[in-house]
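Keep the 3D view open while you read.

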Amino acid sequence: MSLRRTAALTALTTLGAGAAAVVAGRYAATAALRPSSPHSPPAGFEGPQLTVHATAAGQVTLTRSLISQLPGTYALTGPGRHAVVGTVLDVPSSADTVVRRLERVDRGRLATGDRVRLTPQLHTGNPGDALGLEYADVEVPGELGPLPAWYLPALRDVWVVAVHGLGATREHTMNVLPFLNAMGVPVLVPAYRGDPGAPRSPDGSAHLGDSEWRDLDAAVRHALGRGARGVVLYGWSTGATMALRAAAESPVRDFLTGLILDSPVLDWRATLRALAGARHVPAALLPLAVRAAQGRARLRPELHSELNDPGALRLPTLVLHGPGDAVAPWGPSRELAERRPDLVSLHIVGQAPHAAMWNADPQGYEEALRRFLTPLM
């Protein structure tokens with residue numbers, strides 16, 4: 001048990017109710033609003049580490065769990081190692097293990113006894129080294145200071161600005177960069193406040209997109225200043241929330257031509273509860289976590305209704321989501337599509353955790369992207 005968690009629990013039993021609520025609430029809010037880090041698992045993948053039980057040609061045997069049995073393509077990460085695994089193989093295994101196809105080992109090696117995590121981020125580094133794509137490191141002038149970004153040039157004059165979400169870094173976007181590049185779409189991938197290499201939020205906390213969207217707005221301005229005729233916003237998780245906020249509030253929103261929302265956070269209360277629980281906040285503290293995080297992140301009560309207002313939507317929108325998302329419930333996504341069929345297309349992905357819709361079904365996901373993007377180009 002961590003020292004912070006122990007302190008919070010001790011407060012509940014040794015302090016008065018008011019003081020205990022303050023201590024526990026602060027602890028829970030810190031856990032739920034922890035900024036993105038390359039060393040922490042993305043939201044939805046915070047479960048126990050997996051043990052490598054054996055390796056063979058093109059195979060790796062892992063601890064059996066709900067996460068290790070997910071269908072699709074994922075990465076295994078650990079100190080000094082990064083590997084990509086594919087489908088679960090129908091080969092003999094024990095009741096406690098599962099065998100997956102080992103696609104490649106990018107860094108280090110996998111050995112029996114290694115402790116690893118599954119993650120949807122298949123690539124590390126930059127688009128040039130990881131994918132062999134032409135790109136440039138650029139700086140976007142942001143509200144708090146320069147924001148590092150990747151720019152991938154292409155022939156079309158409608159750009160995609162792609163932004164990651166909870167617990168991830170911009171490396172997450174590399175899953176779809178080869179597809180976008182093949183479509184001839186220029187792509188800008190900015191970091192935002194709290195990311196590695198970007199300015200910190202003044203209070204050191206994440207805000208579930210409620211302040212971070214202004215960095216996405218800065219990226220749109222950067223694209224327009226460099227020749228973009230229009231911009232499609234593509235966001236995962238809270239990046240999708242940022243895209244919705246920019247579409248509603250950006251002074252340059254008239255240049256936006258479409259939205260792509262992967263696992264959008266549309267019910268921030270449910271997401272805060274899920275984040276706090278996944279990061280080992282005791283169940284008794286979850287209501288305190290939501291209230292404390294709301295105050296710490298300065299989340300306005302009306303934000304929930306704003307994000308879920310079908311009448312506020314003005315742009316063609318593709319939502320990629322499914323019932324397996326335990327961090328951002330997909331009910332609001334389904335309702336948005338049902339209430340705005342004129343603008344919203346919903347691509348449902350089964351058995352996919354939060355922000356891992358591409359990993360579960362790359363072909364179906366990319367076909368949905370192709371059909372959506374082609375008329376916008």
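Q: Is Arg214 buried, partly exposed or exposed?
A: Keep in mind that we're looking at a predicted model. Arg214 has a relative accessible area of 32%. Buried would need under 20% and exposed over 50%, so Arg214 counts as partly exposed.

Q: Which residue meets Arg214 in a salt bridge, at 3.1 Å from N to O?
A: Look for a partner in a distant part of the chain, 71 residues apart from Arg214. Arg214 itself is in helix 5 (residues 213-225), while the partner sits in the loop between strand 7 (136-141) and strand 8 (146-152). The two also belong to a network of salt bridges that includes Arg193 and Asp215. The partner is Glu143.

Q: How many residues apart are Asp217 and Arg221?
A: These two form a salt bridge, with their closest N and O atoms 3.0 Å apart. Asp217 counts as buried at 8% relative accessibility, whereas Arg221 is partly exposed at 40%. Both lie in helix 5, and their spacing is about one turn of the helix: 4 residues.

Q: Why does the pair of Tyr234 and Trp236 count as stacked?
A: A pair of aromatic rings is described by the distance of the centres and the angle of the planes. For Tyr234 and Trp236, the centres are 4.2 Å apart. Planes under 30 degrees apart count as stacked, so what settles it here is the angle between the two planes, 15 degrees.

Note on methods:
Residues numbered from 1 in each chain as written. Predicted model: local features only at pLDDT ≥ 70, side-chain atom pairs only at ≥ 80, totals over all residues. Heavy atoms only, no water. Phe/Tyr/Trp six-rings, centres within 6.5 Å; stacked < 30°, edge-to-face > 60°. Salt bridge = Lys/Arg side-chain N within 4 Å of Asp/Glu carboxyl O. Helix = DSSP H or I, 4+ residues; strand = E, 2+ residues; numbered from the N terminus. Buried < 20%, exposed > 50% of the residue type's maximum accessible area, 1.4 Å probe, protein only.
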